[in-house]
Amino acid sequence: MNQIFNTQFTSAVTPGPQQFESILHSRLSAQIPALQASFTTNYGAIPQVNAASPQDRVMMDVDDALGQENLKTTLIADQGSDAILQTAEQMENQVAVSTPGSNPFLTAQAQVANLRCQAFMQKMLAAELRQEAGRIAHDNVLVKRRTAAAGGINGLITGALTAR
């Protein structure tokens, strides 16, 4: 089972994306600062003030923030999953060498580990819900902008037709 969880795979072929991919596969939350730097290196920074409209710059910033948040959440979730699997393996090994009569203690230990696992999963779910809410808000802004643009074009066409 460990081989399945630790199977290495890479697909990037150029140095920048290879480093980015390596950071993502590290399964270590300590790599978050390196992830941010690598993200900017690979996908670029937000354009300067005069290079794009303020609305476009805000949307780019939101897109980058949501993307980086998803990647950070992935690193943290991977590290948490590894910790849960290690705890389960330690408990299995402890059962094999436990003395008779220690089952109540091992059961209590398992219940505490289960509660910690559930708390971790709830935190991860909350992070995913926040990300989804951000994505929905982002999509709503895009729809409003498209609707406003379409209304402006429709108004111009209607005005031109009535002027005839």
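Buried means under 20% relative accessible area, exposed means over 50%, and partly exposed lies in between, with a 1.4 Å probe and protein chains only. Keep those cut-offs at hand for the whole tour. The model is predicted, so local features need pLDDT of at least 70 and side-chain atom pairs count only at pLDDT 80 or more, while totals for chains, interfaces and linings use all residues. Residues are numbered from 1 along each chain as its sequence is written, and side-chain values use heavy atoms, with hydrogens and water left out.

**Whole chain**

Start with the protein chain shown as a cartoon. It has 5 helices and 0 strands, and along the sequence the pattern reads α-α-α-α-α. Helices (H or I, at least four residues) and strands (E, at least two) are DSSP runs, numbered from the N terminus. Of the 164 residues in the protein chain, 16% are buried. A contact means heavy atoms within 4.5 Å. Among contacts in the protein chain between residues at least 6 apart in sequence, 62% join residues at least 24 apart.

**The loop at R27**

Select R27, in the loop between α2 and α3. Its phi is near 65 degrees, a positive value in a residue other than glycine. R27 counts as partly exposed because its relative accessibility is 22%.

Next, show the side chains of F20, F39 and Y43, which ring pairs link into a cluster. Rings of Phe, Tyr and Trp (its six-membered ring) pair if their centres lie within 6.5 Å; planes under 30 degrees apart count as stacked, over 60 as edge-to-face and the rest as tilted. The count by this rule is 3 aromatic pairs. In one of them, F20 and Y43 have ring centres 5.8 Å apart and planes at 80 degrees, so this pair is edge-to-face. The pair links distant parts of the chain, as F20 is in helix α2 (residues 15–24) and Y43 is in helix α3 (residues 32–43), 23 residues apart.

Now compare F39 with Y43. Their ring centres are 4.9 Å apart and their planes stand at 45 degrees, so the pair is tilted. F39 and Y43 both lie in helix α3, 4 residues apart, about one turn of the helix.

In soluble globular proteins, nonpolar side chains tend to be buried together.

Centre the view on I23. Leaving out residues up to four places away in sequence, I23 touches Q31, A34, L35, S38 and L75.

**Along α4**

Select residues 54–96, helix α4, which has 43 residues. From first C-alpha to last, α4 reaches 63 Å, close to the 63 Å expected at 1.5 Å a residue. The expected span is 1.5 Å times one less than the number of residues in the helix. Its buried residues are M59, L66, Q68, L71, T73, L75, A77, D78, G80 and M91.

Q68 and T40 are 28 residues apart in sequence and 9.7 Å apart in space, C-alpha to C-alpha. T40 is in helix α3 and counts as partly exposed, at 35% relative accessibility. M91 and T107 are 16 residues apart in sequence and 9.8 Å apart in space, C-alpha to C-alpha. T107 lies in helix α5 and is partly exposed, with a relative accessible area of 43%.

**Last stop: a pocket**

Which residues line the largest pocket? Select Q79, G80, A83, I84, T87, A88, M91, A113, N114, R116, C117 and F120. The elements giving two or more residues to this lining are α4 and α5 (103–163), and α4 gives the most, with 7 residues. A pocket, on a 1 Å grid over the protein atoms alone, is an open set of points where a 1.4 Å probe fits, with protein on both sides within 12 Å along at least five of seven lines; lining residues have an atom within 4 Å of a point. About 290 Å³ of space lies in the largest pocket. Such a volume is the space filled by probe spheres set on the points, which are joined across faces, edges and corners.
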